[in-house]
Every structure is written in C-alpha cells, then in structure tokens.
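Please read it alongside the sequence and the coordinates shown here.

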Amino acid sequence: MASLLIIATALVTAGIVVATLPLSHKALAGDAATSPDQTDTGDQYFHQTMAPLLKRFCTDCHGSDTQEASIRIDTLDPSLSRNHDIAIWQDVLNMLNAGKMPPADAEQPSDAERVLVIDWLTSRLQQAAEAKRLSRSSSRIRRMTVDEYNFTMQSLFNVNAQFAETLPPDPISHEGFQNDSALLDISALQMEYYLEIARTAVSRYVRFSPIKDEPLLYHIELEDLFYTVKDRYETCTRAPLPLDQQEFAERRRQNNEAGPSYTFALSPIPPGDLPVEGALRPSQPKLHQQFLPVKVFYPVGEMIVRIKAAATPGRDGSIPRMRVECGMAYGDGDGFDAHKLGEVDVTAPKDQPVVYEFRIRMEDAPKPRNPESVDSLFDMLQIFISNVSRNSRAIYDVGPGTYDHPNSPASQNKPETLAATMRDREKVQSILAKMEDDGLNLLHLDSVEIEITPYASAGATPTWLVNNSAGDRPEQQTAVARNFLRRFMEQAYRRPVADEEFTQKVTLFEQFLSTTNSFENSLRETLVSVLVSPHFLFLESTFSGNTKNSKAGPTPYQLASRLSYLLWRTMPDEQLLKLAATGQLTDIGVLNNEASRMLDDSRSDRFLESFCHQWLRLDRFPHVAVSPEYFPKYDDDLGELTLKEPVAFFTEVFRAGAPATDLIDSNYAMLNARLAQHYGLPVIAGDDLRKVELPEDSIRGGVLTQAALLTMNSDGVDSHPIRRGVWILERMLNDPPPPPPPNVPDIDEEDPDFRGLSLKERIEKHREPGSCRNCHEKIDPWGIALENFGATGRYRPQVKLLEEGRESRRSVDSNVHLPDGLPISGVRDLRKHLLQQKREQCMQAIAYFMLTYALGRPVDIGDRRDLEKINVRFADSGYDLRELLLAIVESDAFLH
Amino acid sequence: MQRTNRRIFLNSLGATLILPTLPSATRRMAGSRVLGSEPSRDSVENDKNSVRRFCCIYFPNGVSLPPKDHPAHEDWHWFPHETGSDYRLTKVLESLAPFRSELTILSGLSHPATRSMVGHATGDTFLTGADQSKNYVNSVSLDQVLASVVGGQTRFPSLTLSSDGGVGTPGRAKTMSFTFSGKPIPSLSNPRQIFNRMFGVSERSLEEQRQAFGQDRSILDSVLSEARTLKNHLAGSDQKRLDEYMTSVREIERRLARADHWLDVQKPLVDENHFDLDVTPAEGGEDYIRVILDLMYMAMLTDSTRSITYQITSEDAKGIGDRFPNTIGLKGHHNLSHGAGNKNGYEDWAKYDQFLTNQLAYFLQRLQADEDPEGDGTLLDNTMVYYGCGTSRTHQAVNYPLILAGARNMGLKHGQHRRFEESTIPISNLYVAMLQQLGVPVDQFADSTGSLDEILA
C-alpha cells in the first residue's frame, strides 16, 4: 500500500511541456558569454530605464489588475529567454512601431521615450533571434504523419491500397498544421496498429512464389443481367460468372460487332438529400442507378471496371455524370456500404458509346460480412453505377416495384409475377420517357467488363518477390534473407544501412529461424520489425549520426527525404537517392533542379492539396451541418464539391503561375455545372471542375467567396460574421485576435433592445463600450462585409428566416466600418481593400504559413531573417507561388 | 452518403452474448500471475467485491443556466434549484428520475488553475487537474491512474473514446485521457474499429497467436535497441522525440505479457449485428452516441476493461459533435452556448443539455439492467459513472456541472444535490475520494488539498 501511494503521487505531479519548444538556456548562456557583462548590465538597464516607462504607459491595461487582450507586460522576462515572452515582446514592438499603442485616448510617451523602448526591444529581439537560430539542430527528426505513412507504404510496396485507416488522426497545431514535430508522438495504441498494419502488408505484398492465379474476367451485357429483389425469399439471382480468356474475348468481339444496345437509361437525381427511406436500397428501383453483383473475386488484388456508356444530353446542354461505386448491400438491402471508384462526365453519343475505366484495390472494397450467405444477392459484392448529375425535375423514386426481368425464373414460374414485372417495366419506361421529353439528360449503359487481378496491379510484377530457391540449409536461407533484407531496409529507411543495424536485423532473422524453423515466417517477421522501427516511422533518422553537431548540415539523405516529404509526401525516388549517394544533392543548383523536377511531377499535387487544406483550415468543414430545413436542395455531394473548390483553385493559381493575389480576387473560378448553378453563374455543362472566366464585375472571385469557407464559417442556417471575421484575421491576414478572456458575460439575455435586431445589428451591440469591444471591433467588420453570403455561400439580397414554419425575409446590410475606420460595402470593397491596402500583409501571411508547413514546426523569431528573404523573393516574382515554395526550399531555415 | 436508420436496440443481448466461462478461481490465479510481475500492485484483491469500474462521459461548452429573473430559470436551469435530497430535477435532468437514488449532482466545484482560463481550454485538464494557466503542460488523467492499478485484471487496461478520434489540438484536445508523462492518448471514434479491438476474433489459432506474441516481443526488443542507438546520435532537443516511442514500445511489451495469459481466456463472443457499427458521427447525433455507449456498456459487461473515457465532443466548435444538436433541430453546440441572448436562447441550449442527459440516462439504464457477471449486484453498482463538463456557462471555468452515478458497492452516498461553495474546493479533492473508492489508495491527486469525503456514505 505504501509503495503504491508513492507511485501514484509521484506520477500525478509529473508533467511535461508539450506545446512550447523551450529555447535552450545553454544556447543563450553561450551567446551571453561573448560579452559576459552584457546580461548583468542589461538587466540593470532594464530595471532603471525600461521598467519605469512600461509601468507608466502600459501596465494600467496590461498589468496585474487588467490584462487587455490577455497581455500582461510587467511579468514578462526582460532577458527574452522564454519563447512565449519573446512572441509577446515582438507584439509589443510591432504595436510601438505602428504607433498603435498606447491607444490614442491614453497618455502618450514622448518620441524620445518611444525610440528608447523600440531600440532596446529591437536589439534584444535580434539577440534572441540569433541565439535561437544557432541553437537549432540540423536534424528535423519527426514521426511521419498518417498521410505520409500511407503514401510511404504505397511507395514501398508499389500498390495503391489504403494502409492507414486504423491510425488515429494526427494532432493539429495551434496554427492548424498536422505535421508539427513537437506534437507528433507515438502512443502505444499507434504502435499496436503499426504492428498490425505491417503484418498485413508484409503478408499481402511480399511474395515467396510467383503468382499463378489468372485474372478473373467478366463481360456483362446489361440486358442479360436480371434479378428480382422484390422479395428476399423469392430472390432469383443470376449473378454473372467469370469467363475464361477465350470466351471473354469472344463476348467482347460480339459486343463490338453487334453495336450498342441499351436497357433502361439512368436519369439524373433531384438536388438535396434523397429520401432516406429506401435510399440506395437495392430492393426498390431507382431510376438513376444500376447495380450488378460480383459473385467471385479475389480479396487482395486490383479490380478494373470498364463501362461502355453513352449519353443523351439534356436540352439545357447538361450531360450525365457517371459515378461508380463498389460495396455491399446487406441485411434486407437496407444497409449500404460503398467505396467510390470515381466519376466521369459522359458525352459519347448513343451510336458511338465509349469505354470508361475505373480501378479499385480489392483490399479497400467493403467485403461481405456473412460469407455463408454469399449466394444471397444482399450479401454479395456489388458494383453500383449511377447518373449523379442533378436536376430539379428529376424523379427519384418510382415507388414500390421491381426491376425484375421477364425471363427470370420468378416471372417464368408465376404468371402474376410476370404481369407485375411487365407493369413495372412499363411504368419505369414511361417515367423515363417523360423525363426525356422534359429535356433531362440520360445515361446509357451498353456493357460492363470487370477484370480482377490477384495481388499486384494489372501488368505489374510484385515488387517484393523472394527467390524461393533458398534450400533447406540455414546458411543458404540466411544468404537469401540477407540480400532481400538489405534491399528492403534501404528502401524502407530511405538511406544506406549501416553494418551494425543490418547485422542486428539479420540476427533477429536467425533467431526467428531457429525458433520457428520457417524461412518464410522468419523473413516476414523480420520485415515487420523494419516497418515498426524508428528508422522507418521517423523521417530523417540517421545511423552514423553527426547530428549532435548542430553546425553540420543535414546529410544528403536527410535532404532527399526533406524534399520528397515536403513535395510528394512520400519517400524519395531513385533519382533523389542517387543524387544523395553521390553527394550532389547538397549543391544548391542540383537541389533547385530537383525541386523543379518534383514540382512538375503530379505527386506534388499532394503538397498543394495538403498545404491548402491546412492553411485554410478546411478540417473544420465537417463540423458544420447545413440545415435541410433552410436549404432543402443542399446535399452531401454539393458539400464535397465545395470542399474541392478551394484546393482546385489554389492548384490552378500555383500551376498557372498566376499571381497569388488571385487568391484574394480573381476574374476566374474553378467551376462545374453544379457549382455554377449554386453560385447563380451562367450555365456550364459537365461536372469536372475547370477554370471558367467570371462575368464582368462578378461577386465571385478569390477564396473569400468560395462556398466551403463561407459554409464552414456559418452556423448551418445563417452566416456567422464573427467566425468569418476571425477566419479572415487568422488565415488571410495572419493577425489572429487574442483568445476571449475568461469569464466573459453572455450577450445580455433577451435584452428588449435586442429583439427584432438583425444579426449584424446584434453583433454591433457586441462592439458597444464594454469588455467585448476592444477585440470585437477588430473582428466583426471583416465578417459583416460578407453578409451577402448565406450559410451555403449563395449570394443573398435578403436573409430568409423560418419561425414556426413561417417564412419571413429581412434585407441584408453589409455596410461596415473596418477597424481602421474605412467605410466599406460588401465583399467587392473588402477585396479591393485587401488588394490595395493589405496586399503585402496577405502575401506575407501565405509565406509564413507555407514556411510553417515546410518546417513542420511553428515559425519563430530565429526564422526572421529567412522569412524576410523569402518575402522579398516572393514579392519580386510578382507573387508566384512556385517561386515562394522554391525560396522556402532554398532557405537556411529549411536546409539547415 | 445516405443511410437508413438501422439502429438496433440491444434488448435481447442476454440471450446471445457468450461470456467467457471463467471460474473466479481461475481468474484470481490468472490475475495474480500478471500482478506477480508488478509486485507493488498485488495489494489489490481480486475477489467479487473488488470489481470496480470507472467511466467518464464528457461534453463541452457548459450548460444553460438562465438567470433568476428569466422565464426559463425555473425549468431549464441545468442545476436543480434545491440542494439536499429533496431537490427537484429540472426539465434538463428529468430523464434521470429513475436513477435518483443512484446518483449525486454536484455543483460549485472546479479546478483552481482553470478558474482564470478561457473556458474552452479546460477540457484537457478536466480529468488531470494540471495547471495550464501559464504553459501548456499536462499530467496523468484519473482513468489512467486507475488503469495503472487494475488494468492488469482485464484484457484492455483502459479504453479512450471520442466522437472525433485522435488527440486534437493542445487546449482543444479530442481525448480525455493523458499518460503519466502528460501526453494525450489518442481516442478511437469509429464504432467498427472499437468493436474489432474489443471483441474481434482473431483468425489465427491460439498456437499461432502465442507464437506471434513471442515474435512481437523479439521485434519490440529489436526496435527498442534501434531507438536507443538513434537517440544517442541525436541532439538534446531531438532526443525527446524518441522518448514517447520508447515508452510506447515498453508499454506494449507489458501488454504482451498480459495478453499472453489472456490468450487462454476466450474472448467474449459478441454479435456485431447488435450494433450499428457503420454509423458515423456526421450522420447521427443520438444514433452515434448510443452506439458508443452500447460499446462501452458491452466492454463493461464482458469485463474487457474497467476504465473508459468518452468525450462526446471537444471544446469550442472544434469537433464533429458540434453538429449533434442539428439532429434535433437546434443550432451547433458552440453557437447555442453563445446564443443565450437570442429568442429562446436558454431554452434551446437547455434542450440540447436535456438531449445529452437523455443519453446518460440511457447508459445508466443499460448498466442497471444487467447483473454484474463479475461482482455483486448490477453493473451500475460496480461502475462509477462520472458525467460532466469543464465549464458552467461557456467561457466560465467555474462551477462545473457534474453528475456522479452508480458505484453503490463503492460506498458513495447518492440521492442528493450537493452544492459546494463556488470556487473554494479543488475538484481534485473529489478525484482523491473517487480514486480511493475505486480502490486506488492515493491521498493526493494533482493539486488536491484533501479528500471530498462528503460524497461518501
């Protein structure tokens, strides 16, 4: 009992610093050692000269009694040895330089006094910056993020499967980034999953014998496919069966010769959430969807689905959008679990159908849960093919009925079933005919081919094939294992392997071999140990470490990884490793060439996507649910689409070399049919996002008017000016407002003054004199300027209100005074203001965030010099994002 | 993705659940074998009277507390207006009526260190009591203290859940559990993943699994030695990066030692068809929360673990659960908490509080409905359910709304609303009392100044 007590109390009082990177005191001391007296005299100087000034002008509002904006100055450390204090001192300096503090209505220091403080702070901050820079180690060792792990496993095994689905999401730093090295820990839970994932991967993708299984081939003419799903117990399934090569070729030939033939066309779906009852139930016919069962498949392998399809365009020029999913219908067909393979605009005319190809790893497809009932249609793997273009006049549900086929046994055996079948078919035909008359687009399916290749991707040989002629003698086996193991380790560790660490793994193999007597098992388990090794899970690990010497730069291999994980989010490729091996990569010209080469590779889209997502904090998008009551035509597809828009837009600006100021305002946008319609822009056909010129003086343009950001910063019913304001300050201007103070009062509850006020008016109340004002007058105006955009990002001249079912409308007022007093009206003025008055600040914000992302840690005072250089180069390039990224890659902060 | 409501109620569980047949003697023996490797902990007896479980359910953003002169004050105030045993449950709490004698409502308590902090930043310390008012530091959470003592007696020492998964952002953590070194423990949020972890049956034979455990140990030894060498090569500040890795590897080594003997114990056979494992938090508030509560209940019933935390959503508007109120026609939770000034603002907020209380009532009802296979009385009698939030009204980190339920066999005195003078008693004092009743003989936790014995019978 006594010993237990000690354990518990000792442990509960233990705590460690998680979020702050304490500046090394040793480094500071070292710095001070160059002028031993400076610290002492500095302190004296502070107490005699600075402290009285601060006391006189600052501590009334930032002292022991009041801490405006949560800032307290009298307790700050004058020697600038604490990170947190450095940041505040920097703010103090900025405020003094800008003349913003003390506030206009307070006593002002003389110019001489102001200069005195500014000079002292400037020099102190420079010293702190230098100390910080020198104390930094050149190693950037950190755990891979979940995405990086997934991509790395895909690269290592050369397979496009998902590896990381069981790993818990990564921590998110205060600035919104998911690669902060200080936060990326490995918990025991993660370690368990790493082990499990590694075992599965090794057992699936390391082969000890060549694959003998033939691919499974299906050729399905849709008119041959029939099954009734009206009644589970009468289910008559004629699921297609795989064909041999010859038969498959023959069916394909016949299909090509006979020309296209179609059964029921697939019509669009209405916008908005589909009726839940019967949604995606195979047991109810849906006019937009065809499904087909896949009875025989390989659980590990790749499935290619080739669909020969054509379109009847709509009268308005719309074209069908074909979505292909693979998954399970289970239970009585009322549950559904599917994985999307892809989507495509279908434009081929009916007399010339075109083959569209989709791929999926079978590992990722939802599997039958109940292997015994594999003969039941419901527990069978299904391919779902849908027309997901949206049209308000589309008919979704034809009510109870069946897609039964007149030739099905059920129809053949029972006259009344046959009659019902014929009736239902007529009903479906007549509804489709009506939709065609109405000018809706239709999707026609001619045939479907399915090819399932076991293990590897079609045409590819497995990357990790063990030569199984190892023989029975342990020495022979060890020799084979050694060769294989070295190759595997070097790829996994992304660098050459030192003899010592190699020997350690060989010993592990021999130990396994002696206890299990199984070559295969022993090698597999050794490979598993490679995949849970810190050298695999941590980026930039070294073995022959020179990293203790902080002056020495990173090794060429560390550089190779640093580049490839920034730009590709996966391991370096052969060329990078080769340049690392020869040492050429440390040459700045070579490095620059490599960065350019990598940016031209499509893998760099991963960087653009990931950075843009985190910079804009799109992770918060799912936290808001759009109200179906207010927005009946909003649906998940639209939500997903709007989420793609900012990334597509950022990618376009980056790839086209357009100035980054386009992010603030642009005369083009990335749109498709649905989004153009959502925004009330001229109709365009097709659902692939593409660059579209905006009409003259359009309210759209730049990221501020993009639906994802407006929705994410709404409450799902109405706009949310405060959230929008905070977002603009944080993400666009990099001038985050201080956190709300503790124990703030609520806005007066049901204050009679509040009744009948618009949201803007109520928020203005926020800014009446009182504790909220100081901050909110800096926040709210930015959001109020966006009041013309509702919760889904559509333009609104009026606000719609629903109260007890009654609808009322109120006009929108987006006129507001910005914090500096400038009156503006709406988003056009806001963008103009940002472009003209805040251009540099916005551009520097992007540079700051991109550097933060590239470093995998918060930017601090030690990076100031680098950041200044990066800003200059970015501006000189006319704000070219690619130039910005290259400037970051070549900066000291990134390279050393 | 559309989904139909497939929620399944676990009414007929008793008939289908196959619990491992394990005579208490075997368990004691098994238990002592594990405990034997940790001699300081063998004081914990493992008989029927000492099955003690803990489970924390956390919600964010405070609760609706309409002021005195407000028309909603009487009915929609979270805290009952009266104290002692004659209190009346407000509308918010009325679904707890059947459990009145099984629970205590606590008011006035808070962590002293959070009283000067922004309310939203208080979730991280709710179960730890760390002082984050100056720096972000954290310390061990109550559930992990318990797990360190009783964890060896169950297949899983503890279970950490949330609606978001992962660890979130410091200050807005998406987990309630922190290790002894103050590191956040990632939470699980996917019902299927939780189910598979708890109840999934391995396809490998016992012999294969045993062999795998042995191989795991060799693998872990191997990577631990790699980590040690790597750490020696690193500069001081980078060495920290490997500490948590090494701690985790050692933790798994300990788990393997336990898991090895658990191999002889058949995993409980739980039919997954009793759970709607495919529901996602974005799809359904109640559907999702209840499947998590069902899994927690099942973990208790099968004695798979004795220490569970579940964060319904993270503080602020920073978690998926912020949208749960939408499923009952209300605005986002954070908005509700800031919208008291709106028309019906207090009522709307309180309606969501009521919704949350209903989920607690559901959980208590589940625990009360079953005899405890491992101990005397019902599951509820041997489970301490701690429900609450780290702020009263939003941004105000004092007077936490708290309910302590169950654990009749642990000597709690229930049936009362106990009001403590606001901001006088560190809530850690409550945690000392709770830990002691849970069988962990501590006399201190974080900043405690004593034990809140008022909660005891």
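Predicted model: local features only at pLDDT ≥ 70, side-chain atom pairs only at ≥ 80, totals over all residues.

**Chain A as a whole**

- Chain A, which has 896 residues, has 44% of them buried, and its secondary structure comprises 29 helices and 21 strands.
- When contacts in chain A are limited to residues at least 6 apart in sequence, 72% of these contacts join residues at least 24 apart.

**Domains of chain B**

- In the domain assignment of chain B, domain 1 is given as 15-195 + 273-455, while domain 2 is given as 202-266.

**Helices α11 and α12 of chain A**

- Helix α11 (residues 474-493) of chain A and helix α12 (residues 499-516) of chain A have axes that come within 10 Å and cross at roughly 135°, and α11(A) and α12(A) are therefore oblique to each other.
- The crossing of α11(A) and α12(A) is right-handed, and the residues of this contact comprise eight nonpolar, two polar and four charged.
- On the α11(A) side the contact is made by Pro474(A), Gln477(A), Thr478(A), Ala481(A), Arg482(A), Leu485(A), Arg486(A) and Met489(A), which meet Phe502(A), Lys505(A), Val506(A), Phe509(A), Glu510(A) and Leu513(A) in α12(A).

**Helix α18 of chain A**

- Helix α18 (residues 605-615) of chain A has as its buried residues Phe607(A), Leu608(A), Ser610(A), Phe611(A), Cys612(A), Gln614(A) and Trp615(A).
- The buried residues of α18(A) are covered by elements of chain A that include α6 (146-157), α15 (556-567), α19 (636-656), α22 (721-732) and α26 (839-855).
- After α18(A) comes Arg617(A), which has a positive phi, near 55°.

**Helices α8 and α10 of chain B**

- The axes of helix α8 (residues 285-301) and helix α10 (residues 345-369), both of chain B, come within 10 Å of each other and cross at roughly 25°; α8(B) and α10(B) are therefore roughly parallel to each other, with angles under 35 degrees counting as such.
- The crossing of α8(B) and α10(B) is right-handed, and seven nonpolar, one polar and three charged residues make up their contact.
- From α8(B), the residues Glu286(B), Ile289(B), Arg290(B), Leu293(B), Tyr297(B) and Met300(B) meet Gln359(B), Tyr362(B), Phe363(B), Arg366(B) and Leu367(B) of α10(B).

**Two residues of chain B**

- Val51(B) is found in the loop between α2 (24-36) and β1 (53-58) of chain B, and Val51(B) counts as buried because 25 C-beta neighbours lie inside 10 Å.
- Apart from neighbours within four places in sequence, the residues in contact with Val51(B) are Asp372(B), Glu374(B), Gly375(B) and Asn382(B).
- Gln193(B) belongs to helix α5 (residues 191-199) of chain B, and Gln193(B) counts as partly exposed because it has 17 C-beta neighbours inside 10 Å.
- Residues up to four places away in sequence not being counted, Gln193(B) touches Leu188(B) and, in chain A, Thr166(A).
- Gln193(B) and Leu277(B) are 84 residues apart in sequence, and their C-alpha atoms are 8.6 Å apart in space.

Key
Residues numbered from 1 in each chain as written. Chains lettered and ligands numbered in written order. Helix = DSSP H or I, 4+ residues; strand = E, 2+ residues; numbered from the N terminus. Buried ≥ 20, exposed ≤ 12 C-beta atoms within 10 Å, placed from the backbone. Contact = placed C-beta atoms within 7 Å. Domains from an automatic or database assignment. Axes fitted to C-alpha atoms, helices over the stretch in contact; angles between N-to-C directions. Parallel < 35°, antiparallel > 145°, perpendicular 65-115°, else oblique. Left-handed = near helix turned anticlockwise from the far one by under 90°. Nonpolar A, V, L, I, M, F, W, Y, C, P; charged D, E, K, R; others polar.
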